[in-house]
Amino acid sequence: MLAFIGLGSNMAGDAQSVTDQLVYAAEEIERTGAGRIVERSRIFATPPWGVLEQDDFRNAVIAVDTELAPLDFLHACQTIEHSAHRTREVRWGPRTLDLDVLALFSFLSDATYHPITSDGQWGKELTVPHPYAHQRGFVLVPWADLSLARAEGVLINGNSVDHWLGELAKSAPEEVAGVQPVSAGEAAQWNGRG
């Protein structure tokens, strides 16, 4: 199964920096056996969404090859969040680490990815594709940074990531323009580890 995971942080917590939180998450996904990262976006600095009185975020998207069942994969991501001391006190508030399962795909013999949709089978615990992923610049810009976002069959609600990014750029250009790659120095932490 191919999983696209949105990573986000705006609190260093026990890590040296916010970027180190994303590096930690990527390392833990592989170290714990949750999956193997096959591609990662650059890290982007993003303004807060929802609760605006907080520090900017660092966001990235990774593509993970996993053998875990969808709920088991979600639980593995939640365990990593918990180990980074993630708390869920304020919706869209500050956080040390956020791992969102954006979308899941199976790969069949026709060399095409096929979306896995929850259709209520996991209750409210897991909804894929993520219900808001196609509406958020801090998700779409890093996701579009991946070549796998353009793989055959990688569709979100029937359209490509690039389609949704174009739609958002037309309807809320400031939300897309506010998502910018981090400096080369900060990016070195991400590119050199994890």
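View 1. Asp-65 is partly exposed, with a relative accessible area of 28% (buried means under 20%, exposed over 50%, partly exposed in between; 1.4 Å probe, protein chains only). Arg-36, at 46%, is also partly exposed. Their side chains form a salt bridge, 3.6 Å from N to O (a side-chain nitrogen of Lys or Arg within 4 Å of a carboxyl oxygen of Asp or Glu). Because Asp-65 lies in strand S4 and Arg-36 in strand S2, the pair ties together parts that are 29 residues apart in sequence. Helices (H or I, at least four residues) and strands (E, at least two) are DSSP runs, numbered from the N terminus.

The model is predicted: local features need pLDDT of at least 70 and side-chain atom pairs 80 or more, while totals for chains, interfaces and linings use all residues. Residues are numbered from 1 along each chain as its sequence is written, and side-chain values use heavy atoms, without hydrogens and water.

**View 2. The salt bridge of Asp-145 and Arg-42.** The closest N and O atoms of this pair are 2.9 Å apart. Asp-145 sits in the loop between helices H3 and H4, and Arg-42 in the loop between S2 and strand S3, 103 residues apart.

**View 3. The largest nonpolar core.** This core has 31 residues (buried Ala, Val, Leu, Ile, Met, Phe, Trp, Tyr and Cys joined through side-chain atoms within 4.5 Å). Among the members that touch the most others are Phe-73, Val-101 and Trp-190. Strand S1 and helix H1 are among the elements that each supply at least two residues.
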